[in-house]
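Here are some friendly notes for a first look through this structure. Please keep the 3D view open and follow the points in order.

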There are 2 protein chains.
Amino acid sequence: MEALRYAWFVKRTGTKTAGHTVRASTNQTGTPGPGGKRVRIQDVASFAGVSLGTVSAVLNNNGRVSTATRAHVQAAIASLGYRPDLYASNLARRHTQMLGLLVSNLQNPFFAETAQAMEDEAARHGYRISLTASNFSPEQHRAAVKQLLGARIAGLAIITSEHDDTARQLISASGIPAVFLDVGKPEENLAILRVDSRGGMKAAVKHLIQLGHRDLLFVRNSQEASGPPLLSHRLRDQGFAAAVRSCAIEGLKTNIVDVRGPGADAGEQAIASVFGRIHFTAVIAITDMVAMGVYRGLQARGVRIPREVSVVGFDNTYFSRFLNPPLTTVDVSRSDLSRLVIASLLQRKKTSQRLIHLPTSLVLRESTAAPPQQSPRKRAKKV
Amino acid sequence: MEALRYAWFVKRTGTKTAGHTVRASTNQTGTPGPGGKRVRIQDVASFAGVSLGTVSAVLNNNGRVSTATRAHVQAAIASLGYRPDLYASNLARRHTQMLGLLVSNLQNPFFAETAQAMEDEAARHGYRISLTASNFSPEQHRAAVKQLLGARIAGLAIITSEHDDTARQLISASGIPAVFLDVGKPEENLAILRVDSRGGMKAAVKHLIQLGHRDLLFVRNSQEASGPPLLSHRLRDQGFAAAVRSCAIEGLKTNIVDVRGPGADAGEQAIASVFGRIHFTAVIAITDMVAMGVYRGLQARGVRIPREVSVVGFDNTYFSRFLNPPLTTVDVSRSDLSRLVIASLLQRKKTSQRLIHLPTSLVLRESTAAPPQQSPRKRAKKV
DNA sequence: CTGAAAGCGCTTACAG
DNA sequence: CTGAAAGCGCTTACAG
């Protein structure tokens, strides 16, 4: 037994010291190890005739290596095609240069655009993004968080429409810096990013009222799953309600339609279901995707935008200005969002801002105008 | 020196065996280790009163653990909130359950939708996707591949428009199973996914010709960077050219416009630049995004689709059927693509298919119709 | 069915 | 400026 231990010991410390080697250590030869063809740091060291620690130093720019040695090692790295093992190095380092990002869905342009902006911003700081989509499911949300937490990420951004309390507690307990979109209160390691949805909604409603609209239709969608309503949607709902309240004007009438399903489908169906039954001269869509469906629903029925009905969206996705007519919508800056989130995740000091406010702004395009003078056509039956 | 070595040795093997402990090993107590608050597998083992190997066995479902012990260990895991360290386990395991995916850009719905489909399909096999965007830049492409290769991914899918030869050689040399979109020839570990762009283009051209169109405008976009043309675009170019050749019909005229920039912008500008100067009754856009810009360009000039001009897109992105009118486009199935790619990456046998064909199909919607009978309005000056 | 040992491929004090 | 040692937190033969 003692012999066995000794053999292992010798193998670990190398053969240079002695003739008491028990097993041949192929790692000293510079050839790939016995297990596979992966080039290891030791191979580079042997090849360059330096020690393993020196190679590591040049890899990590830990000064104290002469220029000549550095160049020599780098040549060895290049000629062997060496690539450091991410898992070994992160394990040894005890931390990663990886930020986790959880979004609801990549199909939705808002999330896709945000993910892209986060990746760019993270790269600017030397970090990478580990991206996961929850598909709006709290279960997938929780599973993704568990995975990310096991991956020793340096920080975690939860930019989702759905929410999961268990996941949140896990994150809180982990002590990892995190940012949540919209939901809950800040904690020691949790910052909250508050997008001013209410302000955006208010601006949209005010804009329509100032144009003379008095019959507003608010179109929203719910997820397939019978879970709780999406948080981002709830805030936009509240924003709409608050805006209507604060704008209390003689004769203002509002209706709300909710349809299950993906944005554009829901928007189209919403129009199909209320058309001819509810009177409205303006539509506020809860997202640009929904607005796109609303366009389709309206235009398929020969309704002209904005001459007969005005439409406002929310998100200012890339495509919104290419719709016909270009969509008036509420802008949420992806780059500001990314900058604020990444900055929050990366700053170590505990004194940092725990509540991050992101303003919104109404982008005026051509989908809104004054309502038609005369009572609209037959569809416009009052309710 | 020998004493020091011995101390280390004892520490590694634990204190159970003897009184010759040199330093106290806090790891045996079940409390978090001295370094931080991360719970380790040894903590779970101590807490449950079993050995570390047993905990590992229940974590990895390596049979041979009694039901009672398993339950007991799982309780310990739950009550300590233990989460295995991804880096340590992957290092020890020598492989990961991670697949790399490189796409050009997440803003483009085709890539976003494909990424989403790949994630779903990978999850079905117990794998995760490490997603990176190259932003169409060969340099970023190469850097991303290097990172992915260092991350010991189990497989790598390159679904990009751009290409980099160095990256390809690195992948080839690594021996990691990989799939490339469209480019090059299969090798030992490299499969090629060939999307039948030519077939799709041919179908589009034939469709328009059968409707009676004789003046076709092909609208394409190039990237900002002055690099080589995108591969996917080159194939679609060729498809267009081949289709026109094979359809050689009396009086068939074609023009090609190329504009630099992102899809929708390019499409809009393309129309702006040729409108009134080139005669066309149908537009074939190289992507749906470009088609969206073409819509905008046409409609801003009062041209009705399809009554005056027909438009065909390529990709069948989610939004295409919500355009007004719904876009006729060439479909590339995201789910088929994902299934084929993941299957190729995961199958170990070398005899597997190295050349994967993915058919395309023309989806007929309302953006195409017979050309106007009489010579179009003033814009329609022959060239 | 269980446990102690050997190893994964790095980094980072530490001693020279 | 360089090198040998200790450690990161796991997995997986191997011996009992």
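1. A definition to begin with: two strands are said to pair if DSSP finds at least two bridges between them. With that in hand, look at strand β1 (residues 98–103) of chain B, which is joined to β2(B) by 6 bridges, the two strands running parallel. As one example to find on screen, B:Val103 has B:Ala133 in β2(B) as its bridge partner. Please bear in mind throughout that this is a predicted model.

2. Now widen the view to the whole sheet. In chain B, 6 strands make up an open sheet with parallel pairing, in the order β2-β1-β3-β4-β5-β11. The edges are held by β2 (128–133) and β11 (355–358) of chain B; each has a single partner strand, so one side of each has no neighbour in the sheet. From one strand to the next, the twist averages 20°.

3. Which strands does helix α13 (residues 334–346) of chain B lie across? They are β1, β3 (155–159), β4 (178–181), β5 (190–195) and β11 of chain B, and the helix runs at about 170° to β11(B).

4. Next, the two chains together. Chain A is superposed on chain B by a rotation of 180° with 0.0 Å of shift along the axis, at an RMSD of 0.1 Å. This is the relation of a two-fold axis. The same surface serves both copies, as 100% of the contact residues of chain A recur in chain B.

5. Mostly covered, α6(A) has 13 of its 16 residues buried. After α6(A) comes A:Gly126, with a positive phi near 80°.

6. Are they buried or exposed? A:Arg94, in the loop between α5 and β1 (98–103) of chain A, is exposed, with 11 other C-beta atoms within 10 Å. A:Asn316, in the loop between β9 and β10 (328–331) of chain A, is buried, with 26 other C-beta atoms within 10 Å.

7. Finally, some loops to check. In chain B, the peptide bond from B:Ile305 to B:Pro306 is cis, with omega near 0°, and B:Pro306 sits in the loop between α12 (288–300) and β9 (310–315) of chain B. Another cis peptide bond joins B:Asn324 and B:Pro325. Over in chain A, A:Ile305 lies in the loop between α12 and β9 (310–315) and counts as buried because it has 23 C-beta neighbours inside 10 Å. Leaving aside residues up to four places away in sequence, A:Ile305 touches A:Tyr295, A:Leu298, A:Val311, A:Pro325 and A:Ser367.

Notes
Residues numbered from 1 in each chain as written. Chains lettered and ligands numbered in written order. Predicted model: local features only at pLDDT ≥ 70, side-chain atom pairs only at ≥ 80, totals over all residues. Buried ≥ 20, exposed ≤ 12 C-beta atoms within 10 Å, placed from the backbone. Helix = DSSP H or I, 4+ residues; strand = E, 2+ residues; numbered from the N terminus. Least-squares fit on C-alpha atoms with pLDDT ≥ 70 in both. Contact = placed C-beta atoms within 7 Å. Axes fitted to C-alpha atoms, helices over the stretch in contact; angles between N-to-C directions.
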